[in-house]
Amino acid sequence: MSGKTASTTNNIAQARRTVQQLRIEASIERIKVSKASADLMLYCEEHAKKDPLLVGIPASENPFKDKKTCILL
Amino acid sequence: MCDQTFLAVVFGPCDKCSKEKPLRAVYIKSEQLSYCSLCVEMVWLHENETLASLKNEAETLKGKLEEERAKLHDVELHQVAERVEALGQFVMKTRRTLKGHGNKVLCMDWCKDKRRIVSSSQDGKVIVWDSFTTNKEHAVTMPCTWVMACAYAPSGCAIACGGLDNKCSVYPLTFDKNENMAAKKKSVAMHTNYLSACSFTNSDMQILTASGDGTCALWDVESGQLLQSFHGHGADVLCLDLAPSETGNTFVSGGCDKKAMVWDMRSGQCIQSFETHDSDINSVRYYPSGDAFASGSDDATCRLYDLRADREVAIYSKESIIFGASSVDFSLSGRLLFAGYNDYTINVWDVLKGSRVSILFGHENRVSTLRVSPDGTAFCSGSWDHTLRVSA
């Protein structure tokens, strides 16, 4: 009897928390996907030149790539 | 007969209607009251109504959330990215193979010096490697198997690891041959289920952990004190990633409840949540600018979520890819997304256009962990084939 009321009180507490969380999430400020995409693209463009895996850096500068051995002529 | 329990029936004035009747104990807002049976029925009815109305409100709010998100969905990322130049052919090869673990490699992390790597394995061993020379610099045996998480401290002077022991322990790294690393071990975090991920924050002083008990937690390393806990996932939390330092005190976590949640570290509040994956999220990683994050899941897709648009903006998938993605990371500029899969391969995706640019073979079992080095010159992948490979 009191057990049943206790479990429904639990459910209510949980439901209240869910509603509160959803209220917070619904109220945040959002921007358009076009603007967000444009910003992502801008970031990529600005940093592309410095990205070793994207543009590749000379083997001599990359500690992982094997350096060419020098040949004595 | 002695086993029978008798319900003591109290007769008296009901706390609600004041009538003299047999009373029952009832809990309203944690207070114990005595109500007659009629009033007890009324309480149940009222609570059921409240529960129903709350559930209704929850559904309405969810619908409103979807509507708001849809309003701003004016274009797809790959459409906007059509004017970006396509990427050329990539030639990436394994440059170093780190052998030494006796069992599946489960996790790895780079040191900020861009050269050292810490990795942990199912056999309980945690090893610190010099990736340039492939030498092992430190090795420690944990008291448990399945060390699922490991992390390098920002200073490079300590490592953190944990797994089935439900704890996260910090080991200071010492080059003194006479010192036993295990002796200086410090237990920092305590969860009630396995530790799935850990990461130092901007300093050596705080650690963020994720656990199979469904929570994430922020700990002070020195005192072992719990600073903040994050509740909200409906199932095991499998991964987490901290926002790049310029963008502030947030982190993202992914779990078996298919949700990715973004948290405010100071308040413990969940700020945003995304639920578009069809299965467990194994890995989450912030985009370098901090405005978005990628996730890899058992549903064989990786997805990109933009935080300011509050929605998923790209899916990286192919019909031919049917195995789960275990681990994802971005290249330095954020243009490339490296993802390790359970079919032993690593797929490289063009983040903006949504297409695959390269596929790397080499591992002989599932790829369990993958991280790009801090300066972006290479990436390291760990696998169930007991090895780690550094590729560039």
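## Where the two chains meet

Three salt bridges run between chain B and chain A. This is a predicted model, so read everything below as a description of the prediction. In one of those bridges, the side chain of B:Asp310 meets that of A:Arg30, at 2.7 Å from N to O. Another pairs the side chains of B:Glu57 and A:Arg23, with N and O 2.4 Å apart. This second pair goes from helix H1 of chain B across to helix H1 of chain A, which covers residues 2-26.

How exposed are the two partners in that pair? B:Glu57 is partly exposed because its relative accessibility is 29%, and A:Arg23 also falls in the partly exposed class, with a relative accessible area of 43%.

## The contact as a whole

Polar contacts join 14 residue pairs between chain B and chain A, counting pairs with both residues at pLDDT 80 or more. On the chain B side, the elements giving two or more residues include helix H1 (37-71), helix H2 (77-80), strand E2 (20-28) and strand E4 (94-99). Sorted by class, the side of chain B that touches chain A has 37 nonpolar, 17 charged and 13 polar residues.

Now for the totals: chain B puts 67 residues into the contact and chain A puts in 44. About 5000 Å² is buried between chain B and chain A, and carbon and sulfur atoms give 70% of that area. Three residues, B:Trp44, B:Leu72 and B:Arg308, supply 12% of what chain B buries against chain A, more than any other three residues.

## The annotated coiled-coil stretch

UniProt, in an unreviewed entry, places a "coiled-coil region" at residues 48-78 of chain B. In the model, that span is 84% helix and 0% strand. Its end C-alpha atoms lie 47 Å apart.

## Chain B overall

What is the secondary structure of chain B made of? It comes to two helices and 31 strands. The C-alpha trace of chain B spans about 85 × 60 × 40 Å along its principal axes.

Chain B has 392 residues, and 55% of them are buried. Take the contacts in chain B between residues at least 6 apart in sequence: 42% of these join residues at least 24 apart.

B:Ala151 sits in strand E9 (residues 149-152) of chain B. With 2% relative accessibility, B:Ala151 is under the 20% cut-off and therefore counts as buried. Leaving out residues up to four places away in sequence, B:Ala151 touches B:Asp109, B:Val118, B:Ala158, B:Ile159, B:Ala160, B:Cys198, B:Ser199 and B:Phe200. As for B:Ala294, that residue is 143 residues from B:Ala151 in sequence and 20 Å from it in space, C-alpha to C-alpha.

B:His233 is in a loop, the one between strand E16 (226-231) and strand E17 (237-242) of chain B. Is B:His233 buried or exposed? It is buried, with a relative accessible area of 10%. Its side chain makes a 2.7 Å polar contact with the side chain of B:Ser253 and a 3.1 Å one with the side chain of B:Asp257. Setting aside neighbours within four places in sequence, the residues in contact with B:His233 also include B:Gly214, B:Gly254, B:Gly255, B:Lys259, B:Met261 and B:Trp263.

## Salt bridges within chain B

Over all chains, the structure holds 21 salt bridges. One of them joins the side chains of B:Asp350 and B:Arg335, at 2.8 Å from N to O. B:Asp350 belongs to strand E27 (residues 346-350), while B:Arg335 lies in the loop between strand E25 (325-330) and E26, and the two are 15 residues apart. B:Asp350 is buried, with a relative accessible area of 1%, and B:Arg335 is buried too, at 7%.

B:Arg116 and B:Asp113 form another salt bridge, their closest N and O atoms being 2.5 Å apart. Here B:Asp113 is partly exposed, at 33% relative accessibility. Which residues are linked in a network of salt bridges? They are B:Asp109, B:Asp241, B:Arg285, B:Asp329 and B:Arg371. B:Asp109 has come up already, as one of the residues that B:Ala151 touches.

Methods:
Residues numbered from 1 in each chain as written. Chains lettered and ligands numbered in written order. Heavy atoms only, no water. Contact = heavy atoms within 4.5 Å. Buried area = accessible area lost by both parts, 1.4 Å probe. Salt bridge = Lys/Arg side-chain N within 4 Å of Asp/Glu carboxyl O. Polar contact = N/O pair within 3.5 Å; in protein donor to acceptor, adjacent residues only side chain to side chain. Helix = DSSP H or I, 4+ residues; strand = E, 2+ residues; numbered from the N terminus. Nonpolar A, V, L, I, M, F, W, Y, C, P; charged D, E, K, R; others polar. UniProt positions renumbered as here; feature names shortened; annotations may be inferred. Buried < 20%, exposed > 50% of the residue type's maximum accessible area, 1.4 Å probe, protein only.
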